[in-house]
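My notes follow in the order I looked things up.

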Amino acid sequence: MTFACSGCGACCRAAADAGLVPTRDGHCVHLTDDQQCAIYATRPEICDVAATHARHVAQGLQMTQATYFTLSTHACHALMDRYDIEPRFRLDPSRYSAEAS
């Protein structure tokens, strides 16, 4: 299963909240003008939902990947609201229920 990212950049705008070094305006230093990650292939674990889930599971979290991805999508939506991101970037979190079946 792969975490679906709409590429809206909302999570990158909350860089300081994630413990990353932000720019003066609070965005991740790797967020480009077109809202893409300049280091996507080598991004930190906190920016990789699947890797973060795997680490939490290794530490004892008992949660399926589908549930984790669903909750992460809801967190994405909250960030989109916080940063007034266009609704077209919202993904349906129920996609993971279908994938888990």
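Which residue forms a salt bridge with Glu86? I looked it up in this predicted model. The partner is Arg88, and the closest N and O atoms are 2.7 Å apart. Glu86 is partly exposed, with a relative accessible area of 43%. Arg88 is exposed, at 61%.

Next entry: the other salt bridges. I found that the structure holds five salt bridges. One of them joins the side chains of Asp17 and Arg82, at 2.6 Å from N to O. Asp17 sits in the loop between α1 and α2, and Arg82 in helix α3, so this pair ties together parts 65 residues apart in sequence. I noted Asp17 as exposed, with 55% relative accessible area. Arg82 is partly exposed at 48%.

I also checked Glu45 and Arg55. Their side chains meet in a salt bridge of 2.1 Å, N to O. Glu45 lies in the loop between α1 and α2, Arg55 in helix α2, and the two are ten residues apart. Glu45 is partly exposed at 32% relative accessibility. Arg55 is partly exposed too, at 31%.

Then I turned to the whole chain. I counted four helices and zero strands. The radius of gyration is 14 Å, close to the 13 Å that the globule rule gives for 101 residues, so the chain is as compact as a globular protein of that length. Its C-alpha atoms fill a box of roughly 40 × 30 × 20 Å. Buried residues make up 27% of the chain.

Last entry: charges. I noted 8 positive and 11 negative ones, with mean positions 2 Å apart.

Note on methods. Residues numbered from 1 in each chain as written. Predicted model: local features only at pLDDT ≥ 70, side-chain atom pairs only at ≥ 80, totals over all residues. Heavy atoms only, no water. Rg over C-alpha atoms; globule rule 2.2 N^0.38 Å. Buried < 20%, exposed > 50% of the residue type's maximum accessible area, 1.4 Å probe, protein only. Lys, Arg positive; Asp, Glu negative; His and termini not counted. Charge placed at Lys NZ, Arg CZ, Asp CG, Glu CD. Salt bridge = Lys/Arg side-chain N within 4 Å of Asp/Glu carboxyl O.
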